[in-house]
Amino acid sequence: MAMTSDETTKICSHCDRAIPSSNIDLHFAHCSRNLERCKVCGDMVPRKYAEEHFLNTHAPVACSQCSETMEREILAIHKGENCPQRIVTCDFCEFPLPAVDLAEHQEVCGNRTELCHLCNRYIRLRERYNHESRCTGVPENTVGSSRYVCLCFTRAIVK
């Protein structure tokens with residue numbers, strides 16, 4: 001129902017909406033009989049669904065993963081983004097683990113090394129991306145694995 005620009009409006013004292021002046025009495029009678037303002041969020045909800053609105057939106061619920069209590073309407077966001085027990089994956093090994101344990105795991109996991117097949121150096125996993133973007137591909141013969149150095153050193157002593 002479109003209002004013409006010259007039609008005046010009045011604010012309904014029950015729902016605070018602008019209503020065409022010609023309809024305000026009928027609107028107010030219907031509005032005050034059938035709608036009520038939610039005490040938590042201020043939304044106008046049908047009286048017969050007010051309790052259902054509260055239970056589905058505002059009632060306190062406990063997160064099944066961490067037991068923290070919150071309003072039902074933010075539970076999904078909590079579980080997906082904020083819950084310390086939500087499952088996340090390590091950036092280095094893609095191992096799934098609770099978010100609360102991720103930093104400690106990645107500190108250890110990121111310090112593991114892998115051989116760069118271009119320059120033949122062992123690179124920490126946390127430095128792999130930067131290394132790959134700068135690697136010239138020139139093998140460095142002076143730097144070998146610690147195992148190789150240890151074997152050479154052992155052979156020199158044995159002789």
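The pLDDT is the predictor's confidence in each residue, from 0 to 100. In this predicted model, local features need pLDDT of at least 70, side-chain atom pairs count only at pLDDT 80 or more, and totals for chains, interfaces and linings use all residues. Residues are numbered from 1 along each chain as its sequence is written, and side-chain values use heavy atoms, with hydrogens and water left out. The chain has a mean pLDDT of 85, with 84% of its residues at 70 or more. Over residues 146-159, pLDDT stays under 50, and the model has zero contacts there beyond four places in sequence (contact: heavy atoms within 4.5 Å).

Six helices and ten strands are found in the chain; helices (H or I, at least four residues) and strands (E, at least two) are DSSP runs, numbered from the N terminus. Of the 159 residues, 22% are buried (buried is under 20% relative accessible area, exposed over 50%, partly exposed in between, with a 1.4 Å probe and protein chains only).

In α2 (residues 50-58), the buried residues are Ala 50, His 53, Thr 57 and His 58. Seen down the axis of α2, they fall within an arc of 70°, so they line one face of the helix; the arc is that of the directions from the helix axis to the C-beta atoms. Their cover includes β3, β4, β5, β6 and α3.

Helix α4 (residues 102-109) buries Leu 102, Gln 106 and Cys 109. These residues lie within an arc of 65° down the axis of α4, so they line one face. On the other side of α4, Ala 103, Glu 104 and Val 108 are exposed. The buried residues of α4 pack against β7 (87-89) and β8 (96-98).
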